[in-house]
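Work through the exercises below with the structure at hand. Each task is followed by a stepwise solution.

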Amino acid sequence: MQRTESGSSGTTARSRLDQPRTARPGLITLPAYDPEAFGKLSERIARFLGTGRFIVWMTVVVIVWVGWNTVGPVAWRFDDYPFIFLTLMLSLQASYAAPLILLAQNRQDDRDRVNMEQDRARSERNIADTEYLTREVAALRQGLGEVATRDFIRSELQSLLKEIDERREPSELL
């Protein structure tokens, strides 16, 4: 029995449409998976599929398969000449390998995008720092133009000494 709009007591609560349903006890719950762990696994598989070791192992498996089914005893053969089961197995391997490789590439693209954004931000900070330092160096250069140098002070002191000597000479004559 459902609760009426007036909210009469003694009835069961109706689920609200503005909230997600909670899991009901007794129903089968699917196991949760960690997308990050699955992504890491797919990257490891894709990394292995892109190696020479995989090519060598795949070649060995195909040679053993073909050899077993052509040279082996007739009773032990499970895939005769057109090797349809081998073709099926290779197609199955390829059908799983392609999405795993694409998933690994997407994850790498995401990492590259984050790295590019960080590099861009770092570059912008470097440019701002460089512009600041350029302004500071320009201000220092302007300030240095107004600062008395050692040669200027020497020349001023020498001219003052000459002036003092000139004033002393007439007074010494008296």
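**Exercise 1.** Determine how H1 and H3 are oriented relative to each other.

Solution. Step 1: the angle between H1 and H3 is about 115°, and their axes lie 8 Å apart; axes are lines fitted to C-alpha atoms, for helices over the stretch in contact, and angles run from 0 to 180 degrees between N-to-C directions.
Step 2: angles of 65 to 115 degrees count as roughly perpendicular, and H1 and H3 are therefore roughly perpendicular to each other.
Step 3: the residues in contact (heavy atoms within 4.5 Å) include Phe-38, Ser-42 and Ala-46 of H1 and Ala-97, Leu-100 and Ala-104 of H3.

The model is predicted: local features need pLDDT of at least 70, side-chain atom pairs count only at pLDDT 80 or more, and totals for chains, interfaces and linings use all residues. Residues are numbered from 1 along each chain as its sequence is written, and side-chain values use heavy atoms, with hydrogens and water left out.

**Exercise 2.** Which residues of H2 are buried, and on which helices do they pack?

Solution. Step 1: Phe-54, Trp-65 and Asn-69 are buried in H2, where buried means under 20% relative accessible area, exposed over 50% and partly exposed in between (1.4 Å probe, protein chains only).
Step 2: these residues lie on the same side of H2, because they cover an arc of only 20° around the axis, taken from the directions from the helix axis to the C-beta atoms.
Step 3: the buried residues of H2 pack against H1 (35-49) and H3 (84-146).
Step 4: exposed residues on the other side of H2 include Arg-53, Ile-55 and Val-71.

**Exercise 3.** Classify the exposure of Ala-98.

Solution. Step 1: Ala-98 belongs to helix H3.
Step 2: Ala-98 counts as partly exposed because its relative accessibility is 39%.

Definitions and conventions. Helices (H or I, at least four residues) and strands (E, at least two) are DSSP runs, numbered from the N terminus. Angles under 35 degrees count as roughly parallel, over 145 as roughly antiparallel, 65 to 115 as roughly perpendicular and the rest as oblique.
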